[in-house]
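Trainee: I am new to this structure. Could you take me through a few spots, one at a time?

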Amino acid sequence: MLKRIDRYIIGKFLGTFFLSIVLILSIAIVFDLTEKLDDFYEDQLTARDIIFDYYIHFIPYYANMFSSLFIFLSVIFFTSKLAGNSEVIAILASGVSYERFLMPYFISASLLFGMQVWLSGWIIPPASEKLLTFTDKHCQSFSSDNARNIQIVIEQGTILYIESFQKRTNLGYRTSMDHFEGKTLTSRITADRIRYDSAYNWHLENYVRRDFIGMREVLSHGARMDTIIQVHPDELFMTAENAQMMTNPELRAYMRRQEERGSSNVDAFATEWHKRWAGPLGAFIMTLLGVTMSSKKVRGGMGKNLGVGIALTALYILFSTVSTTFSVTGVMTPFMAAWLPNIIFLIIGIFLYVRVRK
């Protein structure tokens, strides 16, 4: 059962965390509103449109983004106050072990872990989609109905290439479809145009087909060929940003489908998948670091602890950003890119824990 001191620490932890998030989001909303106010005015948006179509999705997105930072700073802030008031000394002097002292911290971290998993896996993806749609429509246009130089694995050993495709008309130009058995090209179809009909039905116009049988080539051509290609036009416009708009079940299903096709272009989606678990688990690491850094009364007080905490948080964010870049370029696996910052800071946390416990 939770003791009074447990409830006290949990209340201080969660209270400081949510107050910090509210304050930083309030400042972020003011700056964002100042920047976009002219765009809102030009499009004659009402306060209801701005709040319920934009900022209602803005808040969970940035709250989750800043969570690791403010978990760390919140722990340092209120634990430094406890240590400064000699409350930590009193707790430990009463016979409470350091491990028992950490328990309410990790209960709070568990609650924040569950909140982050829920937000990043189910709430933020649809919010991100609506946020980007609103921004594209009213603030800064960045989407396009045209895609160029598309190459996609449609099934094991079959690669589709389209030079350009228009989403509005579902029409593509200068396409080819190559089928391999192992590393051997067995057939190739080229066409001037490719058009999507429905239910994965595609029409090839002015096509030429070449079948390679040993050293012999069989050539055929025609004005139109109807074929089934297990690709929807939306998949031709998939980018790394789309991973952020998928819920956990959607992201997992997409990755599984790409793996079944034999596609290797899933690193960005795999990185996003691992980040959705590595980020929330970082709550425990940031909590451990924060407690071990600030539970001892030191000269310089809270200011020194906050300064070191901000520096370490900046390094954590830098490691996360750099490792994600390495994943996109193929230097690291998605797993290592997402988990490496946690591994490094967990080692630091364990080192500090052993040192403080002694």
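This is a predicted model: local features need pLDDT of at least 70, side-chain atom pairs count only at pLDDT 80 or more; totals for chains, interfaces and linings use all residues.

Trainee: How do H1 and H2 lie to each other: parallel, antiparallel, perpendicular or oblique?

Mentor: H1 covers residues 4-42 and H2 covers residues 47-65. Their axes are 11 Å apart, at an angle of about 140 degrees. Roughly antiparallel needs an angle over 145 degrees, and roughly perpendicular runs from 65 to 115. The pair therefore counts as oblique.

Trainee: Is the crossing of H1 and H2 left-handed or right-handed?

Mentor: Residues of H1, among them Leu25, Ile29 and Phe40, meet residues of H2, including Tyr54, Phe58 and Tyr62. Where H1 passes H2, the crossing is right-handed.

Trainee: Which residue in E3 is the bridge partner of Ile162?

Mentor: Start with the strands. E2 and E3 run antiparallel, joined by eight bridges. E3 spans residues 171-181. Within E3, Ile162 has as its bridge partner Thr175.

Trainee: Which residue takes a positive phi in the hairpin of E2 and E3?

Mentor: Look between the strands. Four residues lie there. The one with a phi near 55 degrees is Asn170.

Trainee: Why does Gln166 count as partly exposed?

Mentor: Gln166 belongs to strand E2, residues 158-166. Buried means under 20% relative accessible area, and exposed means over 50%. Gln166 counts as partly exposed because its relative accessibility is 28%.

Trainee: How many Å apart in space are Gln166 and Ala147, C-alpha to C-alpha?

Mentor: Leave out residues up to four places away in sequence, and Gln166 touches Asp145, Asn146 and Leu171. Its side chain also has a polar contact of 3.1 Å with the side chain of Thr169. Ala147 is 19 residues from Gln166 in sequence. In space, C-alpha to C-alpha, they are apart by 6.7 Å.

Trainee: With which side chain does the side chain of Asp211 make a polar contact?

Mentor: Asp211 lies in strand E5, residues 201-213. Not counting residues up to four places away in sequence, Asp211 touches Thr186, Ser187, Arg216, Glu217 and Val218. The polar contact, at 3.1 Å, joins the side chain of Asp211 to that of Arg209.

Conventions
Residues are numbered from 1 along each chain as its sequence is written. Side-chain values use heavy atoms; hydrogens and water are left out. Helices (H or I, at least four residues) and strands (E, at least two) are DSSP runs, numbered from the N terminus. Buried means under 20% relative accessible area, exposed over 50%, partly exposed in between (1.4 Å probe, protein chains only). Contact means heavy atoms within 4.5 Å. A polar contact is a pair of N or O atoms within 3.5 Å; within protein, one must be able to donate a hydrogen and the other to accept it, and residues adjacent in sequence count only if both atoms are side-chain atoms. Two strands pair if DSSP finds at least two bridges between them. Axes are lines fitted to C-alpha atoms, for helices over the stretch in contact, and angles run from 0 to 180 degrees between N-to-C directions. Angles under 35 degrees count as roughly parallel, over 145 as roughly antiparallel, 65 to 115 as roughly perpendicular and the rest as oblique. A crossing is left-handed if the near helix is turned anticlockwise from the far one by less than a right angle, and right-handed if clockwise.
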